[in-house]
There are 2 protein chains.
Amino acid sequence: MSPEHATPPRIAIAAAGRHAGESVEIAGWLYNLRRSGKICFPQVRDGTGIIQCVAVKSALPEELFEKLKDLTQESSLIVRGKIRAEPRAHGGYELDLESAEIVQRVPEADPYPITPKEHGIDFLMDHRHLWLRSRRQHAALKVRAEVIKGIRDYFDSHGFVLVDTPIFSPAACEGTSTLFEVNYFDEEKVYLTQSGQLYNEATCAAFGKTYCFGPTFRAERSKTRRHLTEFWMVEPEMAYSTLEDVKRVGEELICFVIARVLEHRREELATLERDVTKLEAVKAPFHRMSYDDAVKKLQSKGSEIQWGGDFGNTDETLLTDDLDRPVMVDRYPSAVKAFYFQPDDQRPELALGVDFIAPEGYGEVIGGGQRIHDLDLLLKRLDENRLPREAFDWYIDLRKYGSVPHAGFGMGVERFVAWMCGLEHIRETIAFPRMLYRTRP
Amino acid sequence: MSPEHATPPRIAIAAAGRHAGESVEIAGWLYNLRRSGKICFPQVRDGTGIIQCVAVKSALPEELFEKLKDLTQESSLIVRGKIRAEPRAHGGYELDLESAEIVQRVPEADPYPITPKEHGIDFLMDHRHLWLRSRRQHAALKVRAEVIKGIRDYFDSHGFVLVDTPIFSPAACEGTSTLFEVNYFDEEKVYLTQSGQLYNEATCAAFGKTYCFGPTFRAERSKTRRHLTEFWMVEPEMAYSTLEDVKRVGEELICFVIARVLEHRREELATLERDVTKLEAVKAPFHRMSYDDAVKKLQSKGSEIQWGGDFGNTDETLLTDDLDRPVMVDRYPSAVKAFYFQPDDQRPELALGVDFIAPEGYGEVIGGGQRIHDLDLLLKRLDENRLPREAFDWYIDLRKYGSVPHAGFGMGVERFVAWMCGLEHIRETIAFPRMLYRTRP
């Protein structure tokens, strides 16, 4: 084959800048097309970026030019040509098209369903498998991937060992009313995990510092913009640690992940029209406030909350509307927290728990605290909560065989990503959201 | 407080080497204890390592020495003293004990159940929450964490975007007989995913190269040493790719992960008494063999397999017993593969699939191939397999709107970890294994 017919190297659009002046091949889909008489501008996306091609009629075989000029949205094609720096172009580069191959032409009779016009949310969610190709959705999921990588890198580089906890759980972590039931073998029932925490308490006694990171499930009959039935959560747990360690690690983690997102996902945040100054402002030290003071602050701002009550979404938003970074609210009444919280030495009616409430109305992004390490107290709390000791036998064992003060927390990925992206609704933070009335596609 | 009473800095045992000659504090559990008259040697583990302490009676308050001397296994304690290089010690360092604090003493009346004597596997699995503290189990799960990090790092650094696929699935990927059924809301049933592949085919059209990595579920009534009902799987998928790309990426991935394990987990492999020369031998290029030739080889070695049959465990072991690295067997009869495999152009009765079969009897570690991209062929295969088109409407869409050749594979974490660790049974590769008759702890 003569050199001029050799296939040029295939590149990713994201790498176009490294190939300026070179002949390359790009394989992708037609994102958009502008025409102007004897020239047309197919915009090609390949999943790593979008590049505008310049196809000049006089420079191409007539048949190819005609095909390109009428090409339909999302048709797949391979384009070849030279990369040229073009400061006015999105991404800074264009491709002068020399040849192209249409891989599959989307027929006019059955066009790509998602057009530049406005679509209703149900239509878009029904077409989620295609909607992911749109720029905003693509950007949000790239931010998600960066958040997840940031979280894992933080823990892996700070002495935590990843230990996956089971999805199939025999016992409930926080009550049974919001558990999904699975038909196991031989009429047996198991439940889908709501949290890996109880298991983390076992693994942190084996590894010192551990984290689990996987999907968790809540069967809540809730249709709010903050709820999914299936969501991902990271949960670290630390032996020989206290409430203060949770505050320190949670604060470090959030700052670490935000720095990563700002470093690597500027372009995606711009696509999402995110005000990045809001994220840049999130720096340590975060605000700190006791539950007592939080209640007073809320009352002074007009909330009807009374001491002893848990915060609703409105309270969380009210609590942070004058803040530029998260507030860590600690020492909640034990009555509103799960059975396993260590009580405060000074005021035993309070639990050594902390919630991190994000600004801009994104609500609780981290919840955690110190766990009970005393055997007798744990047994008492199980009984008070009418939880059967038999079901918790292994959990009780952890207080018999080398019990130590320990603490940890959970951070939900989707709510965190919504905050990073400035998204109104959590459903756009995951590829295929599962909700009360949504299990497809 | 005067300087001599200041608490020394707390360190992890793994970092002891950086603190030789310094006073430090270590918080952990009593792993083992040797006594020799006026001296005793408490071995302390903290999850990062094990260090031997030297407690000399004459140098300590009498009460403390007596407490230490009779301390029970897995009691929690904090020790303080100077780190000293000691070439004969495990890990190379010892701690000359100056003071100690017993956090919780395990009572003699209810001792730690796992003793150095032999225990049966059921007993150990019933005490999995404690068994994880044992050296071999600890080592295997550290290898697992390294494998997972290696896999993620490989994909993250090779242009793949992590896109989590859903656990709740409306449709079956490979038949319904091995699906776990979940009671969703309002009498609705959903199923637990067996593979993210179908969804990956949607996301790779949006991102070019993607991977999902999460738990998957198979309701197989199988009690073999290779089966779990809940296991983790990584699945990459690549647009504009073919069977050959699967071979290239799978080979690269395996070599990358093995190199990581050998680089960072030598000590754990030694604990597991793994013959690392077997892992060091696993280098590209892997062996390559067609299904046709694999059947001939098996027959020549005495297997009763006939052309058209799928390989069982015995066949997989037989196929690799003379090999030092995996063999990639490709082009299986379509009849033994799932409906979505692209047929071979030359011999349409063959599927463009490939299995990577590991040496040493570890069996299939990767399975994948090229998917059907032609709409009409996909519809035909759905009908032939009696799969309802309605259930696959969104999957069919992917062939209507910019279809391209694409390919991918799945790699199960647990089987891979078993191979790395040289483990007989897959149940030791995950913290809390779920099997036919095992859902606790």
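How much area do domain 1 of chain A and domain 2 of chain A bury between them, and what share of it lies on carbon and sulfur atoms? The points below take up this question first and then turn to the contact between the chains.

1. The structure under review is a predicted model. In chain A, the domain assignment gives domain 1 as residues 3-104 and domain 2 as residues 128-429. The centres of these two domains of chain A, taken over C-alpha atoms, are separated by 46 Å.

2. In answer to the opening question, domain 1 and domain 2 of chain A bury about 510 Å² between them. Of this area, 46% is on carbon and sulfur atoms. The contact joins seven residues of domain 1 of chain A to five residues of domain 2 of chain A.

3. One salt bridge is counted between domain 1 and domain 2 of chain A. A salt bridge also brings together the side chains of A:Glu74 and A:Arg133, with an N to O distance of 2.9 Å. Residue pairs in polar contact between the two domains of chain A number two, both at pLDDT 80 or more. On the side of domain 1 of chain A that touches domain 2 of chain A, the residues comprise three nonpolar, two polar and two charged.

4. The contact of chain A with chain B takes 99 residues from chain A and 99 residues from chain B. Between them, the two chains bury about 7700 Å², of which 60% is on carbon and sulfur atoms. Within chain A, the residues that lose the most area to chain B are A:Phe185, A:Tyr240 and A:Tyr401, which together account for 11% of what that side buries.

5. A salt bridge is formed by the side chains of A:Asp393 and B:Arg440, at 3.0 Å from N to O. Helix α4 (residues 135-156) of chain A gives the most to the side of chain A that touches chain B, contributing ten residues. By class, that side of chain A holds 53 nonpolar, 18 polar and 28 charged residues.

6. Strand pairing also links the chains: strand β8 (residues 181-183) of chain A pairs with strand β8 (residues 181-183) of chain B. The sense is antiparallel, and the pairing extends over three bridges. For A:Asn183, the bridge partner in β8(B) is B:Glu181.

Notes: Residues are numbered from 1 along each chain as its sequence is written. Chains are lettered from A and ligands numbered from 1 in the order in which they are written. This is a predicted model: local features need pLDDT of at least 70, side-chain atom pairs count only at pLDDT 80 or more; totals for chains, interfaces and linings use all residues. Side-chain values use heavy atoms; hydrogens and water are left out. Domain bounds come from an automatic or database domain assignment. Contact means heavy atoms within 4.5 Å. Buried area is the accessible area (1.4 Å probe) that two parts lose on being put together, summed over both. A salt bridge is a side-chain nitrogen of Lys or Arg within 4 Å of a carboxyl oxygen of Asp or Glu. A polar contact is a pair of N or O atoms within 3.5 Å; within protein, one must be able to donate a hydrogen and the other to accept it, and residues adjacent in sequence count only if both atoms are side-chain atoms. Ala, Val, Leu, Ile, Met, Phe, Trp, Tyr, Cys and Pro count as nonpolar, Asp, Glu, Lys and Arg as charged, and the others, Gly among them, as polar. Helices (H or I, at least four residues) and strands (E, at least two) are DSSP runs, numbered from the N terminus. Two strands pair if DSSP finds at least two bridges between them.
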